[in-house]
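Subject: Structure for you, with notes

Hi,

Here is the structure you asked about. My notes follow below it.

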Amino acid sequence: MSTSQNWSRRDACISAAVIACAFIYFLLFAQFALLHRIETLDAEKRWLQPVMICMGLGGVSGSLLAWRRFRVSNSDQQLFFGFLGSGVMAVLSTLCFSLPCFLGVGFGVGLALGFLTVTIVPILRLRVEPKRLGRCCAAGVGIAYAVCNLPFLFKAAPDFQCMVAAMVVGVGACLPFAFSGPAKKARMSGDAGMEGEQNLAKGAGVWGVIVIFALLVWLDSAAFYVIQETDTLRGVTWGEFEQLWILAAGHLLGAGIAGCLIENEKLLWVLGSALSLLVLGSFGIVHGEGLWSMISVSGYVLGVSFYSTALVAFGALSGEANGAWPVAKRAGMLFALAGWVASGMGIGMARDLSTIPVGFLAAAVVVGLASLYGLKRLRVSGGVWG
């Protein structure tokens with residue numbers, strides 16, 4: 001790593017706050033409050049599916065747009081507009097009372113959020129010293145999950161949650177102006193970074209990582225949907241105030257562990273652990289009973305924090321030299337395919353089947369282990385790990 005980069009701890013802290021604001025918006029509003037507000041107006045839930053499809057289409061479009069339009073010289077302004085658009089959509093959602101309006105807002109939410117999340121990743125490469133990247137992502141992700149599990153916020157009315165989300169991204173929109181100075185394009189090179197991850201930043205490596213993350217997001221989305229739509233499961237997981245506090249602490253712990261592993265170039269350990277925890281946790285929650293379900297949710301929560309931290313960090317772990325994909329392209333493809341498309345598939349499966357089939361869990365294990373083995377060989381073939 002070059003020692004002449006003059007990294008700022010202040011920029012690392014601001015970057016962690018940026019991640020936290022974006023994730024709070026996603027978790028509290030896009031994944032929760034908006035859908036619950038629709039349910040208050042549409043008791044039969046006929047509007048949910050078309051709105052979620054529009055949101056997914058917007059998310060893919062925003063992710064790809066951010067990749068194609070990212071410029072180092074305008075990165076702070078792009079981050080600002082990502083937050084601004086997200087905030088506007090949150091406010092507009094409180095003024096919607098018809099399906100066409102919600103369809104437009106749903107697409108707008110996905111577009112703004114997709115643009116925002118992809119823009120954050122290259123900014124991490126520009127603003128955060130590689131040896132602090134894991135901790136930065138862990139802090140942002142862990143705080144966001146913990147905040148969204150606070151009982152007074154988790155159980156609040158949808159309109160209140162929408163306005164809180166709008167205020168959070170309002171704060172996020174101010175953060176780009178607090179960075180210590182202009183972004184330095186030289187940091188996009190391979191002169192600094194976790195060189196152990198360089199082979200994973202090239203074509204085959206990126207596609208392998210996308211497969212793993214797609215499985216993880218699919219599992220997470222399906223499990224969360226089944227839990228929220230099943231009264232008994234919701235009661236033993238997110239039902240009581242004490243449980244919410246425990247889950248908040250679990251998310252912080254999981255993100256912290258993942259951040260430390262990432263900084264020690266153990267990304268594949270994080271992904272493998274997340275896969276194991278989510279498969280076992282999903283099986284126990286959906287197919288177990290009583291105490292087994294309660295214990296399984298702890299594994300599920302840790303797995304979610306593991307992969308979420310890695311999802312944010314992956315694109316920024318290595319530079320763009322030696323045939324590596326541009327950071328914005330890595331993030332754009334990862335969030336579009338493994339984020340938005342896989343999430344929609346997971347929710348769709350859970351909605352149609354009202355469960356997570358054991359066969360799917362077994363297939364996820366087989367595909368996941370094969371992908372991890374292939375990624376491990378890529379690293380060894382590059383002479384990085386022997």
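Before the rest, some ground rules. This is a predicted model: local features need pLDDT of at least 70, side-chain atom pairs count only at pLDDT 80 or more, and totals for chains, interfaces and linings use all residues. Residues are numbered from 1 along each chain as its sequence is written, and side-chain values use heavy atoms, with hydrogens and water left out.

Cavities and pocket

Rolling a probe the size of a water molecule over the atoms shows where empty space is left. The search runs on a 1 Å grid over the protein atoms alone; a cavity is a set of points where a 1.4 Å probe fits but cannot get out, a pocket is an open set with protein on both sides within 12 Å along at least five of seven lines, and lining residues have an atom within 4 Å of a point. Grid points are joined across faces, edges and corners, and a volume is the space filled by probe spheres set on the points.

Two cavities of 30 Å³ or more turn up in the whole structure. Helices here are DSSP runs (H or I, at least four residues), numbered from the N terminus.

The second largest cavity is about 30 Å³. Trp7, Leu124, Arg125, Val128, Pro130, Leu133 and Ala316 line it.

The second largest pocket has a volume of about 210 Å³. Among its lining residues are Trp67, Arg71, Lys185 and Glu320. By class, that lining has seven nonpolar, one polar and three charged residues.

Cysteines

There is one disulfide (cysteine sulfur atoms within 2.5 Å). Cys96 is joined to Cys101, S to S 2.2 Å. The torsion about the S-S bond is about -60 degrees, so this disulfide is left-handed. Cys96 is buried, at 1% relative accessible area. Cys101 is partly exposed, at 31%. Buried means under 20% relative accessible area, exposed over 50%, and partly exposed in between (1.4 Å probe, protein chains only).

Cys21 is buried, at 9%. Cys136 is in no disulfide either; the nearest cysteine sulfur, in Cys137, is 5.2 Å away.

Core

The largest nonpolar core has 128 residues, and Phe29, Leu124, Phe213 and Tyr300 touch the most other members. Helix 1 (residues 9-41) gives the most to this core, with 19 residues. A nonpolar core is a set of buried Ala, Val, Leu, Ile, Met, Phe, Trp, Tyr and Cys residues joined through side-chain atoms within 4.5 Å. Beyond four places in sequence, the contacts of Phe29 (heavy atoms within 4.5 Å) include Met89, Val109 and Cys162.

Glu39

Glu39 also sits in helix 1. Glu39 is partly exposed, at 23%.

Best wishes

Note on methods. Helices (H or I, at least four residues) and strands (E, at least two) are DSSP runs, numbered from the N terminus. Ala, Val, Leu, Ile, Met, Phe, Trp, Tyr, Cys and Pro count as nonpolar, Asp, Glu, Lys and Arg as charged, and the others, Gly among them, as polar.
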